[in-house]
Amino acid sequence: MNSGPIIQVRGLRKIYRVGKVDVPALRGVDLDVPAGEFLSIVGPSGSGKSTLFHVIGGLTPPTSGSVVVDGRDLAAMTDAARTRLRKRTVAFVFQKFNLLPNLTARDNIAVARYIAGMDSKPDPAFDEILRLLGIGSRLDHKPSALSGGEQQRVAIARAVVNHPAIVLADEPTGNLDTENSKAVLEVLRDLNQRLGQTILMITHNPEAAAYGHRTVHMRDGRIVE
Amino acid sequence: MTGKLVLENLKHRPMRSLLSILLIGVPVTLILCLVGLSHGMIADSQRRARGSGADIVVRGSNARSVTSQSGAALPEKFLDYFAKRPHVAVVMGVVSHSAELPLIVNGVDLDQFNRMSGGLHYLQGGPFRNSDDIILDRYYAEQTKKRVGDSIEVMNRTWRVCGIVEGGKLSHILVPLKVLQNLDSANGNLSQIYIKLDDPANTQAVIGQLKQSLPGYPIWSMEELATQLQETVNSQGLHAFILVIMGIGVVIGFAVVCLSMYMAVLQRTREIGILKSLGGSKGFILRIILTEALLLGAGGTALGILMSFGARYVIETFQPASFQMEIVFSWWLRALAITLVAAILGALYPGLTAARHDPIEALAYE
Ligand SMILES: Nc1ncnc2c1ncn2[C@@H]1O[C@H](COP(=O)(O)OP(=O)(O)O)[C@@H](O)[C@H]1O
Ligand SMILES: [Mg+2]
């Protein structure tokens, strides 16, 4: 793990406005994540875990506080700049897989490369990743023909295809049975160990959390320990 | 990659895609048919006018335009006068009478007509023998399914088909001159006089002399008649009409694309959210929606072109004498441009809506 945190969050607040009501989702979050860490985040539903990811991933701007990702402060960035961040710096893995239903697994991965502008470069390292994920033979199927575990592994492949600095996995095993959960968690751990991939993972499951180097707990929009 | 995304989206909802293409295609067909009919019918008139063999045509002084066929206003004695002019080889008097639109019946003297046009080529039967005899060209015979010996209703009168001729000379329907003059109570009068010269090179010189001696009478060379036909048809509102249909085409194309793409965008909020979560910019999302709309527009144009061939087939099969339709290639590009503009306009609002979608909401677990 090299110098300085790749994610540095200070005094982060996020308030959603729903109609005329302010919903505080994050109420002052401080967090440092060194590069190469596999960090687990746990906490009750509604405690702001997903919102934290959405802010770090630039899907929504912070209300106040600073969020420095890979040396850049998101609070100072435009919408478009935060969108660009997701091309190569931050990648998401979702509970519901969120693959494009009309495209094959291969094309789902190709779309991510295309959007990031990487589609013309050959990538031998990625072939290694595909082998690691064990989905090489399933790439020409559409998501509807894949099991949940396979879909999630395709989603992980899509997330890492552009070699992002950070992978944000929001309950990646929330929709999977024990066996598939284990496979996905092992893939994440392999990516972390072999490639030094920085991973933040939200989970409800203590066993899943144990795959990380460290676990932080969230409650009511704050990190409590 | 954009292309693949768009194609897969179109394939994913084939019914919606095909319906959109069909709806865009219909006004394209309409435009192409209108243009094709105007081209085809003018060309047919010109061909028949040239087929008469004449070099010059003189019309009654009250005939303001070439397409006004009513009124036989030329005294028959002009024939002798013209015949004695220098360079004039053959003269022919014709009476015109509208039949079912847009057909015109010509009353002709077959002797004059044969000398002028080089003779009719009879596929069946032969020249007039009785006052109720009628000669059809093969197109009108085909259209009405008549053969020699059959009776036929034309101008509210029953005629007997005496001959069927190869087309392309003067009119699709010929009757004896005297009979039509009688019918029109136009004894001794003619609608047009056709003049054939010893040498077509003398046409302008003879026209110049005729205009001097007959001021007020429209006198045209056959070439001028051809351009006159075109101009008259255009000035008689056909241009405006085509413009109106084009406008309707744009509106329909716009509305179809707008509705279709808006529906697609609503159905695809999640997909759009996914693309944004992968770093897809607003411009990227907009581009995808516009590309899809452009494909619908191009598909609609292609279908419209195909359907215009179908329309031409139907016209050639069932109404070969009344209507002629040409496939006007230069209008394919125009039709394409029209639909693409409509498609882009129609996709703009849905596209911008999609581009502005909040990805968090789109990705929220339902
Ligand atoms: N897009 C949103 N608009 C309004 N309120 C939201 C939105 N996203 C989350 N919230 C609210 O913020 C709080 C934290 O939600 P979330 O971050 O999803 O929690 P967790 O992921 O820990 O379950 C909740 O009260 C939730 O209702
Ligand atoms: Mg959550």
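This is a predicted model: local features need pLDDT of at least 70, side-chain atom pairs count only at pLDDT 80 or more; totals for chains, interfaces and linings use all residues.
Each helix axis used here is a line fitted to C-alpha atoms over the stretch in contact, and the angle between two axes runs from 0 to 180 degrees between N-to-C directions.

Two packed helices are described by the angle between their axes and the distance between the axes. For helix 9 (residues 269-277) and helix 10 (residues 282-318) of chain B, the angle is about 140° and the axes are 10 Å apart. Angles over 145 degrees would count as roughly antiparallel, and those from 65 to 115 as roughly perpendicular. The two helices of chain B, helix 9 and helix 10, are therefore oblique to each other. Their crossing, helix 9 of chain B past helix 10 of chain B, is right-handed. On the helix 9 side of chain B the contact is made by B:I272, B:L275 and B:K276, and on the helix 10 side of chain B by B:F284, B:I285 and B:I288. An α-helix has 3.6 residues a turn, so residues three or four places apart point the same way. Keep that in mind as you look at the contact residues on each helix.

How covered is helix 9 of chain B? Mostly: 7 of its 9 residues are buried. They are B:E271, B:I272, B:G273, B:I274, B:L275, B:K276 and B:S277. Notice that B:I272, B:L275 and B:K276 are buried and also take part in the contact with helix 10 of chain B. Just after helix 9 of chain B comes B:G279, with a positive phi of about 100°.

Now for some backbone details elsewhere. Most residues other than glycine have a negative phi, and most peptide bonds are trans. Against that background, a few places deserve a look. A:E171 is not a glycine, yet its phi is positive, about 50°. You will find A:E171 in the loop between strand 7 (166-170) and helix 6 (178-195) of chain A. Is A:E171 buried or exposed? With a relative accessible area of 15%, A:E171 is buried, because the cut-off for buried is under 20%. A:D220, again a residue other than glycine, has a positive phi near 50°, and its place is the loop between strand 9 (214-219) and strand 10 (222-223) of chain A. In chain B, the peptide bond from B:L101 to B:P102 is cis, with omega near -5°. B:P102 sits in the loop between strand 3 (88-98) and strand 4 (104-108) of chain B.

Let us turn to charges. How many salt bridges are found in the whole structure? Over all chains, the search finds 21. One of them brings together the side chains of A:R106 and A:D140, with 3.0 Å from N to O. This pair links distant parts of the chain, 34 residues apart: A:R106 is in helix 3 (residues 105-115) of chain A, while A:D140 is in the loop between helix 4 (124-133) and helix 5 (148-160) of chain A. A:R106 is partly exposed, at 40% relative accessibility, and A:D140 is exposed, at 53%.

Another salt bridge joins A:D107 to B:K4, at 3.2 Å from N to O. Here the pair crosses between chains, from helix 3 of chain A to helix 1 (residues 2-12) of chain B. A:D107 is buried, with 10% relative accessibility, whereas B:K4 is partly exposed at 37%.

Within chain B, B:R160 and B:D133 form a salt bridge whose closest N and O atoms are 3.5 Å apart. This pair also links distant parts of the chain: B:R160 belongs to strand 8 (residues 157-165) and B:D133 to strand 6 (residues 133-137) of chain B, 27 residues apart. B:R160 is partly exposed at 28% relative accessibility, and B:D133 is buried at 0%. There is also a network: salt bridges that share partners join A:E128, A:R131 and A:R194.

Our last stop is the loop between helix 4 and helix 5 of chain A, where A:A145 is found. A:A145 is partly exposed, with a relative accessible area of 41%. From A:A145 to A:G19 the separation is 126 residues in sequence and 40 Å in space, C-alpha to C-alpha.

Notes:
Residues are numbered from 1 along each chain as its sequence is written. Chains are lettered from A and ligands numbered from 1 in the order in which they are written. Side-chain values use heavy atoms; hydrogens and water are left out. A salt bridge is a side-chain nitrogen of Lys or Arg within 4 Å of a carboxyl oxygen of Asp or Glu. Helices (H or I, at least four residues) and strands (E, at least two) are DSSP runs, numbered from the N terminus. Buried means under 20% relative accessible area, exposed over 50%, partly exposed in between (1.4 Å probe, protein chains only). Angles under 35 degrees count as roughly parallel, over 145 as roughly antiparallel, 65 to 115 as roughly perpendicular and the rest as oblique. A crossing is left-handed if the near helix is turned anticlockwise from the far one by less than a right angle, and right-handed if clockwise. Contact means heavy atoms within 4.5 Å.
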